[in-house]
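Please consider the following structure, shown with its sequence.

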Amino acid sequence: MKLDALPIEFQGAMPILRELQGAGYEAYYVGGSVRDILLNKPIHDVDIATSAFPAEIKQLFRRTIDVGIQHGTVMVVTKDATYEVTTFRTESTYQDFRRPDHVEFVRSLKEDLKRRDFTINALAVGIDGEVIDLFDGLSDLRSRKLRAVGNPYERFHEDALRMMRGLRFISQLGFTLEPETFEAIREYHSLLAKISVERINVEFVKLLMGSSRQAGVKTFVESECYIYCPGLSNYGEALLRFADLIGPAIPTEKQAWTLLISMLGLKQDQIKSFMKEWKCSNQLIKDVSQMVPALAFRLSHEWDNWNLYQVGRELAVSVEYLLIYFGKKPNQAKIRLMYQNLPIHNLKDLAIKGNDLIQQFDYPKGPWINQVLRGMEREVIEKNLPNEQEALLNFAQNFMEEEPHG
């Protein structure tokens with residue numbers, strides 16, 4: 001098979017391949033970019049594989065960076081972009097199921113491609129557009145099948161993360177797992193315990209956000225991989241409920257976690273520890289901790305000023321979108337307008353400040369100031385009180401008389 005035309009991303013890297021070939025080396029586009037162009041999907045990264053060894057690559061190009069030279073990868077810097085150029089290599093045994101004990105550089109493209117995870121990722125394209133397919137990857141692409149290169153038990157024993165990558169590809173591409181590949185994942189799923197949570201997290205989030213997440217998540221459960229993922233061992237049925245949610249690909253990571261945690265039925269005080277187990281960022285945990293209860297509220301109530309104000313416009317709009325997955329119609333424009341029309345958007349917008357209260361009342365500084373301001377805040381948001389200095393001071397006077405603070 002030959003590509004009719006190389007995509008613009010490949011054309012940008014063409015001078016690098018020409019330089020390598022001009023010096024007598026082989027050079028090809030490889031990996032996910034080749035798969036994606038054949039599937040008519042956007043290309044994210046262009047990876048180049050070559051028979052040139054790292055030192056030889058560095059001699060050929062004026063500007064290079066040693067991004068992973070111990071594994072054969074040199075970044076070549078051009079005027080317009082940077083490209084990772086990796087030497088053909090074979091890998092020895094994997095004692096820790098994560099990293100090869102030894103990497104050996106070779107001159108053979110076949111030796112390099114046969115160490116890759118799945119046949120659809122073991123394709124190469126030459127400078128002339130000819131697709132090199134040594135493991136029937138094109139056939140698997142056409143039949144939308146995900147098959148390990150060679151012996152699947154060996155591939156997953158080498159790097160157990162490949163099992164999660166396979167499930168992620170099911171979710172992203174809508175492919176089905178070839179039976180022997182599935183059986184190998186089901187037999188070796190416990191090896192995920194050897195993989196860092198950070199690496200699993202990356203694949204898991206992509207799995208949740210795939211356009212075919214129903215198939216991906218169901219296979220995740222059927223293979224029992226979920227048992228060895230943080231905090232999920234008792235939630236097989238809940239994961240299947242998540243998989244059954246009907247709707248498009250989930251747009252953002254925080255929306256994916258919000259939907260998942262809602263389906264798991266975690267209590268508010270469990271969210272932080274669950275997401276900490278997954279090594280999520282503090283900001284993501286903060287956002288999702290607000291969004292989960294907001295979604296529960298929104299599924300049974302319309303937004304009111306106070307709830308909208310507390311959640312904030314961005315998170316409220318994100319939560320509103322999630323109604324799609326529960327068979328409801330979101331109205332994000334209405335939420336934006338409601339938020340815009342709120343009397344204030346944060347505590348600083350109040351016409352009264354803490355210093356004004358100190359001057360008005362003969363009390364030392366203390367928690368009472370915040371209590372009064374928070375009382376004003378809610379009354380103003382709910383439009384029971386105008387955001388005017390005189391009205392706010394009268395409110396403060398009544399508040400202090402009813403609940404004196406010294």
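The buried residues of helix α10 pack against α7 (161-173), β11 (176-177), α8 (179-188), α9 (197-208) and α11 (236-243), where contact means heavy atoms within 4.5 Å. Helices (H or I, at least four residues) and strands (E, at least two) are DSSP runs, numbered from the N terminus. Helix α10 spans residues 213-222, and its buried residues are R213, G216, V217, T219, F220 and V221; buried means under 20% relative accessible area, exposed over 50%, and partly exposed in between, with a 1.4 Å probe and protein chains only. Just after α10, E224 adopts a positive phi of about 65°.

The model is predicted: local features need pLDDT of at least 70 and side-chain atom pairs count only at pLDDT 80 or more, whereas totals for chains, interfaces and linings use all residues. Residues are numbered from 1 along each chain as its sequence is written, and side-chain values use heavy atoms, with hydrogens and water left out.

An open sheet is formed by seven strands in the order β3-β4-β5-β2-β1-β8-β9, with mixed pairing; two strands pair if DSSP finds at least two bridges between them. Its edge strands, β3 (64-68) and β9 (131-133), each pair on one side only. Within the sheet, strands β1 (residues 27-30) and β8 run antiparallel and are joined by two bridges, and V30 stands opposite A124 in β8. Helix α1 (residues 8-22) lies across β1, β2, β4 (73-77) and β5 (82-87), running at about 150° to β1; axes are lines fitted to C-alpha atoms, for helices over the stretch in contact, and angles run from 0 to 180 degrees between N-to-C directions.

D45 is placed in the loop between α2 (32-38) and β2 (47-50) and is exposed, at a relative accessible area of 54%. D47 lies in strand β2 and counts as partly exposed because its relative accessibility is 31%. Not counting residues up to four places away in sequence, D47 touches Y28, Y29, V30, S33 and E84.

N121, in the loop between α4 (109-113) and β8 (123-125), is buried because its relative accessibility is 5%. Leaving aside neighbours within four places in sequence, N121 is in contact with G31, R35, R116, R165 and F169.
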